[in-house]
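I opened this entry to record what I looked up, item by item. The chain comes up below.

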Amino acid sequence: MKKSRLAEFEKLCAIEPRLAALLERARAVKDDPAKPSFCANHIWYEELKPELTRLVGWRRKDNPALGTPRAYDISYQIIYDVLPACRDCACWGFAEVIQDVLGTAREEANHAA
Ligand SMILES: [Zn+2]
């Protein structure tokens with residue numbers, strides 16, 4: 001993780017403490033070895049991402065610092081990153097691969113701009 005991203009995320013958290021709370025929620029997620037499988041993407045899409053979209057990105061209209069695609073991207077990457085890896089789940093970490101590819105493409109686009 002790049003330092004500048006973390007610094008930007010911390011600034012966003014100072015404006016919107018619920019982002020920091022969401023990160024803590026993601027950190028608290030554990031892969032329970034007693035269960036046959038664990039899917040980070042299931043938890044992400046069912047529980048964490050819906051909350052994220054309320055806090056940052058285009059849906060967030062009351063605060064210009066929070067309502068940017070960049071605020072969304074940075075928060076997405078940092079919070080998703082702390083989830084344990086998928087284990088024996090049906091998604092095969094596919095969403096994560098797509099996320100990586102999109103992230104790389106976006107960074108390239110940012111460099112070109
Ligand atoms: Zn999975």
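**Notebook: helices and a loop**

Helices here are DSSP runs of H or I with at least four residues, strands are runs of E with at least two, and both are numbered from the N terminus.

I noted the ground rules. This is a predicted model, where local features need pLDDT of at least 70, side-chain atom pairs count only at pLDDT 80 or more, and totals for chains, interfaces and linings use all residues. Residue numbers start from 1 along each chain as its sequence is written.

**Whole chain**

I counted five helices and zero strands in the protein chain. The pattern along the sequence reads α-α-α-α-α. Of the 113 residues, 19% count as buried. Buried takes 20 or more other C-beta atoms within 10 Å of the residue's own, exposed takes 12 or fewer, and partly exposed lies in between, with C-beta atoms placed from the backbone. I also checked contacts, meaning C-beta atoms, placed from the backbone, within 7 Å. Among contacts between residues at least 6 apart in sequence, 72% join residues at least 24 apart.

**H3**

I looked along H3 for its buried residues and found Ala-40, Asn-41, Trp-44, Leu-48, Leu-52 and Leu-55. H3 bends by about 50° at Leu-48, and Pro-50 follows within four residues. The bend is the angle between axes fitted to the seven residues ending there and the seven starting there.

**H2 against H3**

How do the axes of H2 and H3 cross? They come within 10 Å and cross at roughly 165°. The axes are lines fitted to C-alpha atoms, for helices over the stretch in contact, with angles from 0 to 180 degrees between N-to-C directions. H2 and H3 are therefore roughly antiparallel, a label for angles over 145 degrees. From H2, Arg-18, Leu-19, Leu-22, Arg-25 and Ala-26 meet Leu-48, Glu-51, Leu-52 and Leu-55 of H3. I sorted the residues of this contact into six nonpolar, no polar and three charged. Nonpolar covers Ala, Val, Leu, Ile, Met, Phe, Trp, Tyr, Cys and Pro; charged covers Asp, Glu, Lys and Arg; the others, Gly among them, are polar.

**Asp-31**

I then went to the loop between H2 (17-28) and H3 (40-55), where Asp-31 sits. Asp-31 counts as partly exposed because it has 14 C-beta neighbours inside 10 Å. Leaving out residues up to four places away in sequence, Asp-31 touches Phe-38, Pro-84 and Arg-87. Cys-86 is 55 residues from Asp-31 in sequence, with 8.3 Å between their C-alpha atoms.

Definitions and conventions
Two residues are in contact if their C-beta atoms, placed from the backbone, lie within 7 Å. Angles under 35 degrees count as roughly parallel, over 145 as roughly antiparallel, 65 to 115 as roughly perpendicular and the rest as oblique.
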